Amino acid sequence: MSAFGDEMRRQTFRIAVATAALAATSAAQVRDTAIPQLRRQGTATQLVVDGRAFLIRGGELGNSAASDLDALRPVWSRLRAMGLNTVVAPVYWEMSEPAEGRFDFTLVDSLLADARRNDMRLVLLWFGTWKNSMSSYVPAWVKTDQTRFPRTEAVAGRGQEILSPFHAANWEADARAFRALMRHLREVDAARHTVLMVQVENETGMIPEARDHSRTADSLYARTVPSELLAYLRAHRDALAPELRARWEAQGARGAGTWEEVFGLGVHTDELFMSWHFARYHERVAAAGKAEYPLPMFANAALIRPGYLPGRYVSAGPLPHLIDVWRAASPSTDFLAPDIYFPNFAEWTAKYARSGNPLFVPEARLTAQSAADALYVVGRHDAIGYSPFAIENASPDEGAGAALARANALLAQLEPLIVAHQGRGTMTAVMPPVSFDGVAEESPQRVALAGLDYVATVSFANPPGPPTTAPPGTPAAAGGPVSFSPGMPGATLPTAPAAATRPLAPRGAIVIALGRDELLIAGTGVVVTFAPSTPGPPIAGILSADEGRFVDGRWVRGRRMNGDQTHQGRHVALGVGEFTMQRVRLYRYR
Ligand code: DGJ
């Protein structure tokens, strides 16, 4: 074993020991006084809570669920049974400030109490000026005073129920309320850290036209592009989102000019203009809140169907092609986050993980695939967490909720190891990417990790060889989802079809290098073969493959996998419908 491998082994061991020691100490004794914050580790950004990197195993409540906490009370035990450690919940402006200047945070206080009783953290969503582009959550005293609180206008001069981002009265009212919320959170939670992060607004953007056509908007549109934005473009030219860079460079990468001179004429420029002003508005609200209590803050976006132009989707929001505009306009927004309701999950997460944007998925459609997606984002993109929507409707006993529970159980065990490996190139995750149309691309994928002397090839087809058996007591053993089907014996894997249909069961795994010749594979429905990637004997063999689990951060070995379970030493397989992990040691021969 090389020095690097030895060091990695020592590191893994140290993590295990430290975690076990922490678990043995009471939470109060180790509580860090610093509030939840973001911290870089290598190329990753982690959420640090009570002094430790924290992975959010979340679920977002449906929009109205947090307005009647009595009705929600029976749900908490189900959320716990699904392995959640965090609930993502709205706070409504209309209910927090029913009369101007009279704040009422009793709902927030009850939510905090319920979360604490259930040993759960919270991410709060500020349903303030905008919710899915509209302003339906503003208080009645705002809704009914269109003169004081101006709205956007469609091209026909028709008002919209969308508060204008151009008027100080609007952002001052929102910022005052948000500031009051954050002050309240500081007072009731700065010592407990139940609330981890806050989302400012919800899916801000313009629809059905890409920009406001009010007189104010028209006159601002005719002015020059703010110098802060142009300075940002110049300073970050090489790292700009490719779509924005192309648009700017197509006009000569100008350092001054009107919106149309700098970006050209058309709906894309309408969108850029609105994007700057929406993000400035977010900045005013977020900065006011952070002045009271500087929790990490983010903005979320509704995504885009293929081929849609600005105006047809919720435009100008915190979308990946607009990340630089949002960054330049709103330094208090720590990251942008995708709400992923389309099947092409891997594609969107890759776009949001660009240029160092920390990835957190606050909303996603809960499907059978969610269990694989949850593993994928933390392993592949060092994500802070994953949180499917309308979680109160899911059940830990069946369907997507049951699969999510099993993925979360893996994540809970692996958390110390995952956070130790984030940002270092020693961990990844694989799953068959699914297209917008729902077609899974199941070709095998190669995995190379820093510090590992082997490449792994992960395939998602059922493996050759006799059927494996699930360990006694697991749902698969009890007649749950199938494990492997019989196939022809052989030393090579069949090539998977180039494109298969939508996967029936989630498939995917996190792969972590534990040393030069040792790795951990955790997930479901994968078959893994190995080949050496450094000089030496050319064939890889399996020295040992142990199923197991982490208990308080310590590895506890289960079955020694061999014989039929490794196809007589040819591969490592994690059964479809099972969520398991194996610690694998490799050797090489000629
Ligand atoms: C995205 C929004 O952010 C959520 O609040 C909710 O409206 C979902 N869409 C879908 O219902």
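Me: How many Å separate a polar side-chain atom of Asn 132 from an oxygen atom of the ligand?
Reply: The model is a predicted one. A polar contact is a pair of N or O atoms within 3.5 Å. For Asn 132, a polar side-chain atom is 3.0 Å from a ligand oxygen. The side chain of Asn 63 places an N or O atom 2.8 Å from an oxygen atom of the ligand, and for Glu 363 the corresponding distance is 2.6 Å. Of the 290 Å² of accessible area that the ligand has on its own, the protein covers 75%.

Me: Which residues surround the ligand?
Reply: Read the shell as a list, then by class. Around the ligand are Asn 63, Lys 131, Asn 132, Asn 202, Glu 203, Asp 339, Tyr 341, Glu 363 and Phe 389. By class, this shell has 4 charged, 3 polar and 2 nonpolar residues.

Me: Which residues does Ala 302 touch, leaving out those up to four places away in sequence?
Reply: Contact means heavy atoms within 4.5 Å. With that sequence exclusion, Ala 302 touches Glu 203, Val 314 and Leu 319. Glu 203 is also one of the residues surrounding the ligand. Ala 302 belongs to strand β10, which covers residues 297-302. The C-alpha atom of Ala 302 is 9.3 Å from that of Ser 133, although 169 residues separate the two along the chain.

Me: Does Ala 302 count as buried or exposed, and why?
Reply: Buried means under 20% relative accessible area. Ala 302 has a relative accessibility of 15%, so this residue counts as buried.

Conventions: Residues numbered from 1 in each chain as written. Predicted model: local features only at pLDDT ≥ 70, side-chain atom pairs only at ≥ 80, totals over all residues. Heavy atoms only, no water. Near = heavy atom within 4 Å. Polar contact = N/O pair within 3.5 Å; in protein donor to acceptor, adjacent residues only side chain to side chain. Areas by Shrake-Rupley, 256 points an atom, 1.4 Å probe, with all protein chains shown as cover. Nonpolar A, V, L, I, M, F, W, Y, C, P; charged D, E, K, R; others polar. Helix = DSSP H or I, 4+ residues; strand = E, 2+ residues; numbered from the N terminus. Buried < 20%, exposed > 50% of the residue type's maximum accessible area, 1.4 Å probe, protein only.
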